[in-house]
Amino acid sequence: MIAKLPRARRTKLDAYALGALLPSRLLEPVDAEQAAAVLRAAHDAGEAVVVYGGGTLQRSSNAPSRYDIVLSTKRLTALYDYDPRDLTIGIGAGMTVATLNAALAEHGQFIPLDVPFPSRATVGGTLAAGWAGPRRAAYGRARDLLIGATVALADGTLVKTGGMVVKNVTGYDMGKLYVGSHGTLGAIVRANFKLLPAPATRRMAIAPFDEELRARAVAHAGALALEPVVLLAVDGFREAVPPARSRLIALLEGSEPVVERATRELRSALGAAGVAETRLLDGPDATRAFQSLLDAYAGIESDDSVTFVARGLPSDAALRAQHVRAALPRAETIADLRTGDVIVRVRDTSGAGSNDTAVPSIDRVVRRLLGRATVVCAGSTARVDAWGEPPSTIATMRELKTAFDPRGVLAPGRFAGGI
Amino acid sequence: MQSFAARLHDALGPEVVRTEPEDLAVYAFDAYSEDRLPAAAIVPRDAREVAIGVRIARECDEAIVPRGAGTGLCGGAVPTRGGLVVSFARMNRLVELDVRNRRARVQPGLINLDLSTAIAGHGIFYAPDPSSQKISTIGGNVGTNAGGPHCLSYGTTTNHVLGIEYVDAEGAVHRTSIDDAGYDLTGVLVGSEGTLGIVTEVEVRLLKLPEAVRVCVAAFGDVESASEAVSAIIGAGIVPTALEIMDALITKAVEAHYHAGYPENAGAVLLVEIAGAHDDVASGEAALAAIARRHGALSWRAARSDAERAALWAARKGAAGAMGRIAPNYYIQDACVPRTRLPQVMHAIDAIARDHRLAVGNVFHAGDGNLHPLLVFDRRDARQVQAVIDAGTDILRTCIEMGGTISGEHGIGYEKRETLSLVFSTDDLAAMGKVREVFDPARAFNPDKIFPTGAMCGEVGARNGVREGTPA
């Protein structure tokens, strides 16, 4: 079966380079069984496989220590099961998030995956990377919306977990294990999600503020009765939503009367904080602006740029971001006032290939400021460890890896703690 | 060498350790029918004492079974091999509340409802609300990934757990967070029914109380038409905070007991809760009422006061208990189907009950497709006992055929472990087995639970059982 799979010419393989390594083969299975066959053959041959979706978040884990085969999910785009009246969907892992969003929009439904570059990002990659976007405070994370999955394990066994129902306590919740595992435990080939009815109205409010008003603006916007689904304090990221000044960005979603009321409350709260101007974008304009903001999370500004995300408490996010900007004057930050995330984009000026150990690497600097922080994306010359210090439960995680992939077939060395 | 009991006494003292049979009787059972006395029980005050108990049990080769309130319906808390029961009756504190960030750290023995009551003054609440919430504990809820009526819009327990402290099979204490780098151990521990570790603290996510809440009751001629209405509501893209159905049998029992104001002569009752911003609640009710009428609702009424609302909910959550008034014994099944299949599955359940000459009551989380058929029987009649077992299995098979599954919120426990292989292949189960092997290679934590016999070596055969009429 594996011999029948289309193989790419070497030139095409350059696009799949990770770190200093190039794979020798690109395989594009068309269904779950073929994907499993790829892994079974690699397992038997002792080869290393990296599962590849759209590649938008590949830099959020480290380069592999070995790399023979790219298992691309791009042909796993089946729509298996979608009855809109069930508010659930089952799809191939290689479907892009944009395709999924379009299919759902036709029926007035949505799934808040909130990914950068949705026309390239795949559903499987989004899950594997454990992506958790800014609307999760209102709607939950991808991990919370996943109700079932089919996964090809390292030895080519196909296993399923969960199902097509929205409540399910049937054995271990294995889906949680594969989500965020960065392709180190198995290749997600199919995913089932629960869906949400799309909000009738969407509006983005953008309020630039002067530095002396920052604390009040953040406090007032954070205390609204009708909470925005997204509330960010953005510094830098000029390509996202103009102006390039410090600004509060709020996304309001819901019925029209509620969005109108939320707008009035937001304007009056910001006005009371001394923020004069609040610009509004509606409907498709708001959607485009929100997407450009999400793209900025994983946008590579220059070869030496690196973007980190540090999870934390909502109450601390603005101060933590400020702390980073004070220590690193060229850092760009997004303080997520609802989820607590702090997004930091900096440049790794240690210089490509520099062996000067006297200059602490930029990831160490950022982690000293923010504690646990992981990499979202990095330019080609940036030298960063995607993970930092592993959590205290790393021994259990290593044993899980060994149990699922004893031969180190899947993405060896890419994950936290060198898994 | 000292006995197991003596070692526990030496290490933890009489305050914590129970070894007399009369003291152990309360730890022998849950709401399932099987029971067995443990060799010992501990009622620890902190994680350190839990860890000591675990280490001693392991050294003495005794099984370890964690216990919340014992409300589980599937035998998950039954110490099927004797051994050590760890009761969380004393570890019931709200350790830390962070109102601003809507998080709390709680001990596993904290009663579900006590958490929401304690924090209500801050305008926040803990969303998972199993019907047993007046007595069941957060730790037990974590073990079974418990649900409840409000899961429809808020999700189940797993969506509200941010981190866990647990004691591993070596007696070491660990902490997890969903924001940790690495594998999501938190997500794997929730719903693992005490088989991977003993949870000693839970960090939970809290939600802001909605601005407005409205509870409405609609009467229907029969369960099928009420189910059609629910499918239509979900299909129209409306997700209220709760959509519950009770059939005629249950409604009568509930009204006789609670006098909450449900329409007693209806063939089925639909309970709807809408919550959110003021504007949405009013328009939401109008939209829902219109759909209900189109699908044959005979009446629609909104609760006029908070007291009336609370009474309707109290009666709904006490439905299983109220059945005790009219049934010598009953057996509650728990299964889940895709929501479009509700009318069909309700029809099938009715047919199955008739085939087995049993009375069936239905009270269920219709919006989630989560069924709770309640089979009435007399345990003194062997024919009826067998009929209940057979009907229960038929119902599960029917749900699987309709694309559903065998437990929506109660878990697998001891009762359903053989049925698990109807849903999952040997390979699927082997993947779960790998996780078990990593966390607990000796299978000391809650043995005989979840996994079918034969799926893992070293597990003994199961017997079919039927539980008695215990409130759910």
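Modeller: Helices (H or I, at least four residues) and strands (E, at least two) are DSSP runs, numbered from the N terminus. Axes are lines fitted to C-alpha atoms, for helices over the stretch in contact, and angles run from 0 to 180 degrees between N-to-C directions. Two residues are in contact if their C-beta atoms, placed from the backbone, lie within 7 Å.

Colleague: Before we go on, what kind of model is it?

Modeller: This is a predicted model: local features need pLDDT of at least 70, side-chain atom pairs count only at pLDDT 80 or more, and totals for chains, interfaces and linings use all residues. Residues are numbered from 1 along each chain as its sequence is written, while chains are lettered from A and ligands numbered from 1 in the order in which they are written.

Colleague: Back to chain B. What does helix H3 lie across?

Modeller: H3 (residues 47-59) of chain B lies across E2, E3 and E4 of chain B, at about 175 degrees to E4(B).

Colleague: And in what order do the strands of that sheet come?

Modeller: E1-E2-E4-E3 in chain B, four strands in an open sheet with mixed pairing. Two strands pair if DSSP finds at least two bridges between them. Strand E1 (17-18) and strand E3 (64-67) of chain B are the edge strands, each pairing on one side only.

Colleague: Parallel or antiparallel for E3(B) and E4(B)?

Modeller: E3(B) and strand E4 (residues 84-87) of chain B pair in the parallel sense, over four bridges. If you want a spot to look at, B:Pro66 has B:Val86 in E4(B) as its bridge partner.

Colleague: Switching to chain A: which strands make up its open sheet, and in what order?

Modeller: Five strands of chain A, ordered E4-E5-E9-E7-E8, with antiparallel pairing. Strand E4 (79-83) and E8 of chain A are at the edges with a single partner strand each, so one side of each has no neighbour in the sheet. On average, neighbouring strands of this sheet are turned by 15 degrees against each other, direction ignored.

Colleague: How many bridges join E5 and E9 of chain A?

Modeller: Five, between strand E5 (residues 88-92) and strand E9 (residues 186-194) of chain A, which run antiparallel.

Colleague: Now helices. How do H8(A) and H9(A) cross?

Modeller: The axes of helix H8 (residues 214-221) of chain A and H9(A) come within 8 Å and cross at roughly 150 degrees. That makes H8(A) roughly antiparallel to H9(A), a term for angles over 145 degrees. The contact uses A:Ala217, A:His220 and A:Ala221 of H8(A), with A:Leu266, A:Ala269, A:Leu270 and A:Ala272 from H9(A). By class, the residues of the contact of H8(A) with H9(A) are six nonpolar, one polar and no charged. Ala, Val, Leu, Ile, Met, Phe, Trp, Tyr, Cys and Pro count as nonpolar, Asp, Glu, Lys and Arg as charged, and the others, Gly among them, as polar.

Colleague: Into which domains is chain A divided?

Modeller: Chain A has domain 1 (1-198 + 389-419), domain 2 (201-297) and domain 3 (305-378); the bounds come from an automatic or database domain assignment. The centres of domain 1 and domain 3 of chain A, taken over C-alpha atoms, are separated by 27 Å. Their contact takes five residues from domain 1 of chain A and eight residues from domain 3 of chain A.

Colleague: And which domains does the assignment give chain B?

Modeller: For chain B the assignment gives domain 1 (94-208) and domain 2 (212-318). Five residues of domain 1 of chain B are in contact with seven residues of domain 2 of chain B.

Colleague: How many residues does each chain put into the A-B contact?

Modeller: 57 residues from chain A and 65 residues from chain B. On the side of chain A that touches chain B, H13(A) gives the most, with seven residues. That side divides into 26 nonpolar, 19 polar and twelve charged residues.

Terms used: Parallel < 35°, antiparallel > 145°, perpendicular 65-115°, else oblique.
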